[in-house]
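Me: I would like to learn how to read a few features of a structure. Could we start with the space that the protein leaves open?

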Amino acid sequence: MISDTPAVRLDHVSKQFGDVTAVDDVSLEIRQQEFLTILGPSGAGKSTLLHMIAGFDEPTSGHIAIDGEDVTTAPPYERNIGMVFQSMALFPHMTVGENVAFPLKMRRIDPAHIEDRVAEMLELIRLPDIADRNVQELSGGQRQRVAMARSLAFEPSILLLDEPLSSLDKKLREEMRRELLRIHRETDVTTVHVTHNQEEALVMADRVAVIQDGEVVQHATTQELYDRPTSAFVADFVGNTNLLAGRITALADATCRVELNGADTIVACPVDSQDADLAVGDPVDLAIRYERLRVGDDLATDTTFSGEIAEVTFEGDTITYEVDVSGGDLTLSVTELKTARRDLYQRGEAVQVGWNVDAATIYPASNAHHQTIDT
């Protein structure tokens, strides 16, 4: 039975470095056996947050508890935490077996047990026959697996992953995602993973905490995060999104009408409960995922523009079109699956582009990067 006590609890945690606030009043609970990803752009504070959980940095204010015990000022060696770094930090002068055994020897585990535990860990990472090999002889993916084995050898209560896949090529990254998830499920160890890679977060995590300027701005399941982002920043950062500036011209029947800057037209969009404080005349951001738009010759969508193909990006299974809208300074990006039903549109070709009402989400205007034209 899984305990109801959070594996990690952060209570109003902040961290300042001089005049810079790296983490700002973060409260967060991480469940037992959960795979939680902390996702954010470079400089958002995600690694600082991870280092405070590990004990490498002490919070300026707030409290951190692991399995219900306050560890705010406890050093790393008292926290029973395993950690895999981006650099992997394996000892180059040791064999694979010696690397995996190192944390066990530091804890003065019975030598007879160490040998069995090393063998068990190498079986877990599906590299049972490499104990005597030097780590410098291994591929990047093999070194990453050995780093995982070393971090799990002493049965930590929490495993911390600090951008462990960022140095791997695309194919190897995808392979290692599957391996990390398999190992997580087989060990049931609570895992906290830091990355700036949105796809990695969506593929691997049970829940994601998105961090912006040191604050957690949304904490949700991967599906909720993608389908119902709570801010223009999250909508723009997670997935591919057209973020368009406009102004509300009418509100009625749980919908609003928005005049888009850069296009002489009015579009309808839904209004969720989170938007109840919006009023006519308010500046807003309209968010529409690339895949929720349509491109064609004769569309019947709720909002439709005429335009011209400006760019075509072919990625094998998908195509992304950039469409310059006629009569305005507005470009819309559309992604669709490649099918055999027709050839690709070409640059300069006249098309229609549009979306249905339920494809758009409206947010109060923010300082996030988006297309904007003075009206």
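Me: Which element gives the largest share of the lining of the largest pocket?
Reply: Rolling a probe the size of a water molecule over the atoms shows where empty space is left. In this predicted model, strand β6 gives the largest share of the lining of the largest pocket, with three residues. Elements that contribute two or more lining residues are β6 (81–84), α2 (96–106) and α4 (140–152).

Me: How many residues line the largest pocket, and which lie nearest its centre?
Reply: The lining has 18 residues, and Ile81, Gly82, Met83, Arg107 and Phe154 lie nearest the centre. The space in this pocket is about 430 Å³.

Me: What is the strand order in the open sheet of four strands?
Reply: The order is β2-β1-β4-β5, and the pairing is antiparallel. Strands β2 (20–30) and β5 (69–70) are at the edges; each has a single partner strand, so one side of each is without a neighbour in the sheet. Helix α1 (residues 46–54) packs on this sheet and touches β1, β2 and β4. The direction of α1 makes about 120 degrees with that of β1.

Me: How many bridges join β1 and β4?
Reply: Five bridges pair β1 (residues 8–17) with β4 (residues 61–66) in the antiparallel sense. Within β4, alanine 65 stands opposite arginine 9.

Me: How many disulfides does the structure hold?
Reply: A disulfide is a covalent bond between the sulfur atoms of two cysteines. The structure holds zero disulfides.

Me: Is cysteine 256 buried or exposed?
Reply: Buried means under 20% relative accessible area. Cysteine 256 has 0%, so it is buried. Cysteine 269 is also at 0% and counts as buried.

Technical notes. Residues are numbered from 1 along each chain as its sequence is written. This is a predicted model: local features need pLDDT of at least 70, side-chain atom pairs count only at pLDDT 80 or more; totals for chains, interfaces and linings use all residues. Side-chain values use heavy atoms; hydrogens and water are left out. Two strands pair if DSSP finds at least two bridges between them. Contact means heavy atoms within 4.5 Å. Axes are lines fitted to C-alpha atoms, for helices over the stretch in contact, and angles run from 0 to 180 degrees between N-to-C directions. A disulfide is a pair of cysteine sulfur atoms within 2.5 Å. Buried means under 20% relative accessible area, exposed over 50%, partly exposed in between (1.4 Å probe, protein chains only). On a 1 Å grid over the protein atoms alone, a cavity is a set of points where a 1.4 Å probe fits but cannot get out, and a pocket is an open set with protein on both sides within 12 Å along at least five of seven lines; lining residues have an atom within 4 Å of a point. Grid points are joined across faces, edges and corners, and a volume is the space filled by probe spheres set on the points.
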